[in-house]
Each structure stands twice: as structure tokens, then as C-alpha cells.
Amino acid sequence: MARYEDVKDSDVRTLLEQATDSMRDGDPLTAVHACCDAFLLLIEQQPNLLQDNLPADEKSHHEQFPRLGANLFEVNGEPEIRFERERFSLSEAITYLDFTTDTALRFRQ
Amino acid sequence: MKFGLFYELQLPRPLDAETWDPDAETRLFEEMFEQVELADRLGYDYVFFVEHHFLEEYAHSTSPEIMLAGLARTTKQIRLGHGVVQMPPAINHPARVAERISSLDVISGGRVEFGTGEGTSMAELGGFSVERSLKKSMWEEGTRECVRMMSSTPYAGYDGEHFSMPARNVIPKPMQKPHPPLWVAASRRETTLLAARFGIGSLGFGFETPEETAIRVEEYYRLIREECFPIGEAINPGLLVLNQFMSAKTDEEAVRRSANGPGFFSYSLGYYSTTRGTQRAESGARLIDEHQPGITNIHRVFDSLPQEQKDGRTQLREAKLMTEQQIAESEPEEEMSRALFRAARSGSAIGAPDSIRKNIKRYEDAHTDIMVFNAQCGARKHEHIMEAIELFGTQVLPEFAERHEKEHLPWRERQLEGVPYPINSSI
């Protein structure tokens, strides 16, 4: 059973399913976009996620939303993900998917 | 569970001099050869060498292909592992990697394990002008194309994100078909999951505990069955864990001989990280900007730390194995007992053979495929390492080898039922 199926929120779950399907279809760019949309939904539900995932010196980059070309910013108090490129590798897409899924699953606790 | 040795080739600077004596690196390499050749004779299954650059004292294994080529001719059966080749093209062009891996495979009689990695610290990546945010993509592209070069005649050429080349036949071809077993360095759980999705082995270099390993094994094999998009022409399902190791006739002697090896290993690794989040002010670690290449004596900085930071308390706390209060409440008072307690707690292979047997059985119970030992670390003595290799190889390894055949392989076969891809694995 894919891990996204354990995600409570149906909108987030649908986006993660889309991301997984896109990766299977060899389309990592669409997968990354879906993961970013899912993460923004998670921030809507848990606003503290924004500050928790912005770059900070005392945090390892592994503990923050990945900064592999689709990067999270705070603009006037609101979250924004900016795409610095429109080409991603499958491994980068997997990194975004796993981080977003892990974050979503923590809300189950 | 199978076993092997793991080498950074650590060479702490002397405490009483500014730098090493002129023969220090020669001795380091010669001693390594003796250690691995002994392991080979005793039936250890693997040896892995890292590839690091510019990390003085922490890792003098900068050209693993050289060591492995030497061992290819002086050993008979031990598998020769890259742990790992750094795949960003600015560090290692994929065609040169394919040539070296294949050549090593030929001269060794088909014993190569092709571990790959994206590189970590800016100390290294910066030395080759590799941008950190692109290294994962570079790893994937370089590995995928390297495999194609080894398995295709001719290689059709490639116009990619990080390198391009026209059609050529990359030679020689490896003895193992379609290519040697593939691995990726996975010090974090996320990369273990990535490894599963790409159908390659996970080199768990993060000193995972038995409990962490059990979780990763379950997740890993599930993804191999359900969400695998192979990066190679054959998959290599497998999990390897790295463990601290020292053995002697008694537990107490093993702990004494272990000395500050693991502590120096952890400290010097952290020293070279440039991510502030991995620096701990109380550890005395320095940012890379303060490191003076060729001058800074990391060993002397480490030696000035309080003893508790040298021998594991900090690592236990920072690894979230125990809180400070738990450590204080549960640890034995006596220093030697405390050290053994900590080793047992983390599943380390430090102790007399009986103690090691008991500790590492927990990894076997978690269905770990391979355990490799970090024996050569810090300022440990060569003769102590040799005795440890001998003790484990004669008194512990044989029973695990038997259970590997009788119990682990059938378990593994069940995990891989229905997987539609060809498998090329030494496990």
C-alpha cells in the first residue's frame, strides 16, 4: 500500500497520488508541482509549518522543505514556492514526494 | 547477515607535532592491505572504501580505485566495494567511472560492488565547484548514463543536463553482466527509500540502530516490490549497515583498544560539515571558513574536548537514542561498564566476541543483509585491528554465515517474490 493512502486529508492525498502517478509516467516536473501544491495545503492547515520549513542556520537542510529548485519563501507572511527551473530529476521528485508525505502523515498523530 | 570492512583511512595528526611524519601515509596504506588480506583469508565478504577529497585526518581514501585495484590482485574472494564513487561529472566524468569500474571488475574476476553517491560537504563539493542544490540530479544522471555505458555496445551518446557526449563504445565491459551490483550512499532514511525506488542497494552509513534498521528494511523491501523504477539494467536489492567495531579477548580490553576511535570519527566528520545545523557549539567544532588547509590540527582540537564528548555521550544524545536524563539515570557509574553499556545500547560491535555476537544479533533479527565494520578509525593501533578482525572472523562470523544461507536468504526470497526485474546481487 502506498504511503500517501494513509494521509487523512483527501485533497492532499489526491495530490500525492498524482505526484506518484506522474513519477511512474516519467514526468518528475509534474510530480514536483503536485508535491508543492500539497505542501501549501498542509501549511494552510498547520501555519506553523511555514516557519518550520524556512531556511535557518541552526537546522539541517534535511529538516526543511527541500530546496532543489522549487524553494519555499515567506512573502508578506504568506507562503510562496518559487520554481527556479522547469526540469527536475526523478530523484529530486522523490525527495519532494517523501518529504511532503512524511509531513502529511505526521498530522495523523 | 554478511560482513565486511569499511575504510575512510583516518589519519589523525599527532598531538605532539604540527603534522604527520613523512612515512605516516605509507604505513596507513600498508597496514590497510594487511588488514583486508587477513579479512579475505578469514571469509569476510566485503570491503568498501570511501571517496573523499581534501578532508585531512578524516579520510585519506581519495582514490579508492587504486586501493581496490591493488586488492584485486592480493585477495581471492572478498568483494571490492566503492563506498562510494562521487558521481557529479565535475568530480568524476561518467565515462571515466564506467572505464574504471569495468576495468576493476575484469582484473578482480567480477568482484566489484559499484557504490555511488552525490557528495556531501561543501569542503569537497566546493573544491570542484559543484553546486549543492544540483548534486542529487547530477548523481542520478551520472549513474544512469554510466550504467548504460557499461551495458551498451555502443553507447548511443547523451545530451543531458550536467554532461553530454557523442556516441562511443566505452571499454572495457565489466565481467559482471549487465553491470556490477549498484548501490547508493544512504546515511539518511530518505535515501534508503530512494534506493529502493531505483532498485539499488542502500549503503547505510549513518550508524543506524537495530530498531531503525528494522523499520528501514520493511519500508525498503515494500518499495522494491511496489514502487521500483530501476536506474540500472538489473536491480540489487539490499541493505548494508555500518557499525563501530573493535574486539579483544575481554570486553574491557576491547573498550580500551577502541579508545576514542568512534569519537574522533564522529567529530572529524562533523568538523567538515558547513551546515550550521550540524555544528554543535559545545562540541568545539569549527566552521569550514576557519579551517586552514594543511595547518589545522583537528586531532588536537578533538583531544581538548571533555572526555564525555569524545566517547559517545554526545553522539547518543544527538542521535536521540537517549535524553540527557535517561543517560544520567541508566548508565553505570563505572567508566568501563558505562562504555560497554553505550556500545550495547547502540548495537555497536565493540567488545569480546560473545558481547559482539549478542549485540549484532539484533541486526540479524532485523533482517539486515550486510554489516560492515568501521575498525580503522581515530588513532587505533594496527595490531589491535588485526586481532579484532581475527577474533570476529574465527569466533563469530561462521555462525552468521550459516544462518545467512539457511534463514536469511529464504526470507529475502520471499520479499522479492513477484519482482519483475532481473536481479544482480552478491547477497
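Colleague: What share of the contacts in chain B with a separation of 6 or more comes from residues 24 or more positions apart?

Modeller: This is a predicted model, where local features need pLDDT of at least 70, side-chain atom pairs count only at pLDDT 80 or more, and totals for chains, interfaces and linings use all residues. Residues are numbered from 1 along each chain as its sequence is written, with chains lettered from A and ligands numbered from 1 in the order written. Two residues are in contact if their C-beta atoms, placed from the backbone, lie within 7 Å. For chain B, the share is 75%.

Colleague: Why is strand E5 of chain B largely enclosed by the rest of the structure?

Modeller: Strands are DSSP runs (E, at least two residues), numbered from the N terminus. A residue is buried if 20 or more other C-beta atoms, placed from the backbone, lie within 10 Å of its own. E5(B) spans residues 112-117, and it is largely enclosed because the number of its residues that are buried is six of the six.

Colleague: Which residues cover the two faces of E5(B)?

Modeller: In a regular strand, side chains alternate between the two faces of the sheet. On one side of E5(B) sit B:Val112, B:Phe114 and B:Thr116, and on the other B:Glu113, B:Gly115 and B:Gly117.

Colleague: What is the bridge partner of B:Thr116 in E8(B)?

Modeller: Strands pair if DSSP finds at least two bridges between them. Three bridges join E5(B) to E8(B), residues 182-185, and the strands run parallel. The partner of B:Thr116 is B:Val184.

Colleague: Which residue in E5(B) is the bridge partner of B:Leu80?

Modeller: Look at E3(B), residues 79-82. Two bridges join it to E5(B), in parallel. The partner of B:Leu80 is B:Val112.

Technical notes
Buried ≥ 20, exposed ≤ 12 C-beta atoms within 10 Å, placed from the backbone. Helix = DSSP H or I, 4+ residues; strand = E, 2+ residues; numbered from the N terminus.
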